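Good morning, and thank you for joining.

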Amino acid sequence: METFPFSSIPNLPLFFSMFLILYSIAYSIVFRNWSPKIRPEACSCFISLFHGTPAVFLATFAIFSDQNRGFSSPNTKTQNLVLDYSIAYFLTDLLHYLVFFPTDVLFIGHHLATLFVFITCRHVVFHGSYAILTLLILAEGTSFCQNVWTLASARRHDNQLAAKVYSNLSPYFYAFYSVVRGIFGPFVLYQMGVFYSSGVADNVIPRWLWISWMCVVITAIGVSILWISNLWVELFKEKKAKLEKEL
């Protein structure tokens, strides 16, 4: 029986190479004519487009294909594949920030904390991927809109189409993001807290580890809510100023 040529290559190096190639294509071809100030950010959005939505579908499939799914269930091969896919993406994007934005402590810290959660789930305890992938679905469910919005925002001052996309998309993206990060995220976090605090998973996921996971998620949700709240404030200020100008 003929063997697929990449079947013997571990998932993580394969995915990491893929994201590096995608980033290189974005930097050297797709966004080669963009301003040097926004070119790296656009490349980051480009690889995010290849991670976010695919990760949502892959994670959903991985979760529902596991009949024994639960907050303390062992990881399946498919779930581990999705974790490797996301680890590869965050490693690539972390490298991007270290090279182009080494002083952006917030995003570097976010990526390091996220990698800690994924790597410990995947390579240390081998359990808990149901919880992590559920959060991944919520986190990346808004990524397509966010990347389009970010790209449009970057070019809105020098491109009429980008300005129109940014203006039209902003309120819908803000609303979608607010519901996912402000309602569904805390709901899943609460369920995790109730389950893990009962102690039923302590034999497979040490207490110190799930507490660390919870702290990372709480911080991420808090920062997300603060970020989107500031965007809502800016939007209302812009609408108010525009209305006053028309009057």
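Predicted model: local features only at pLDDT ≥ 70, side-chain atom pairs only at ≥ 80, totals over all residues.

Let me begin with the annotation. An unreviewed UniProt entry places the feature "transmembrane region" at residues 12-30, 42-64, 94-118, 130-152, 172-196 and 208-228. Two of these spans can be described in the model. Residues 12-30 are 100% helix and 0% strand, with 25 Å between the end C-alpha atoms. Residues 172-196 are likewise 100% helix and 0% strand, and here the end C-alpha atoms are 35 Å apart. The unreviewed entry in UniProt also lists "domain: TLC" for residues 37-245. In the model, that stretch is 82% helix and 0% strand, and its end C-alpha atoms lie 31 Å from each other.

I turn now to the pockets. The largest pocket holds about 1400 Å³ of space. Which residues lie nearest its centre? They are Phe 107, His 110, Gln 146, Tyr 177 and Arg 181, out of a lining of 49 residues. Two or more lining residues come from each of helix H2 (39-49), helix H4 (77-100), H5, H6, helix H7 (143-155), helix H8 (160-197) and helix H9 (207-246). H9 supplies the largest share, 10 residues. In terms of class, this lining comprises 28 nonpolar, 15 polar and six charged residues.

The second largest pocket has a volume of about 190 Å³. Its lining consists of Tyr 166, Ser 167, Ser 170, Leu 235, Glu 238, Lys 239 and Lys 242. H8 and H9 are the elements that contribute two or more residues to this lining, and the largest share, four residues, is again from H9. By class, the lining divides into two nonpolar, two polar and three charged residues.

Next, the nonpolar cores. The largest has 54 residues, and those with the most contacts inside it are Phe 31, Leu 133, Met 192, Tyr 196 and Trp 213. Helix H1 (11-30), H2, helix H3 (52-64), H4, H5, H6, H8 and H9 each give two or more residues to this core. The greatest contribution is that of H4, with nine residues. As for Met 192, its contacts include Phe 71, Ala 131, Leu 135 and Met 214, leaving aside residues up to four places away in sequence. Apart from this core lies another, of 10 residues, among them Trp 149, Tyr 177, Leu 231 and Leu 235. Tyr 177 was also named among the residues nearest the centre of the largest pocket, and Leu 235 lines the second largest pocket.

I close with two individual residues. Asp 84 is located in helix H4. Is this residue buried or exposed? Asp 84 counts as buried because its relative accessibility is 2%, and the cut-off for buried is under 20%. Leaving aside residues up to four places away in sequence, Asp 84 touches Asn 11, Leu 12, Phe 15, Arg 122 and His 123.

The other residue is Phe 126, found in the loop between helix H5 (105-125) and helix H6 (129-140). Its phi is near 60 degrees, a positive value in a residue other than glycine. Most residues other than glycine have a negative phi. Phe 126 has a relative accessibility of 43%, so it counts as partly exposed.

Thank you; I welcome your questions.

Key
Residues numbered from 1 in each chain as written. Heavy atoms only, no water. UniProt positions renumbered as here; feature names shortened; annotations may be inferred. Buried < 20%, exposed > 50% of the residue type's maximum accessible area, 1.4 Å probe, protein only. 1 Å grid on protein atoms, 1.4 Å probe; cavity = no way out; pocket = protein on both sides within 12 Å on 5 of 7 lines; lining within 4 Å. Points joined across faces, edges and corners; volume = space filled by probe spheres on them. Nonpolar A, V, L, I, M, F, W, Y, C, P; charged D, E, K, R; others polar. Core = buried A, V, L, I, M, F, W, Y, C linked by side-chain atoms within 4.5 Å. Contact = heavy atoms within 4.5 Å.
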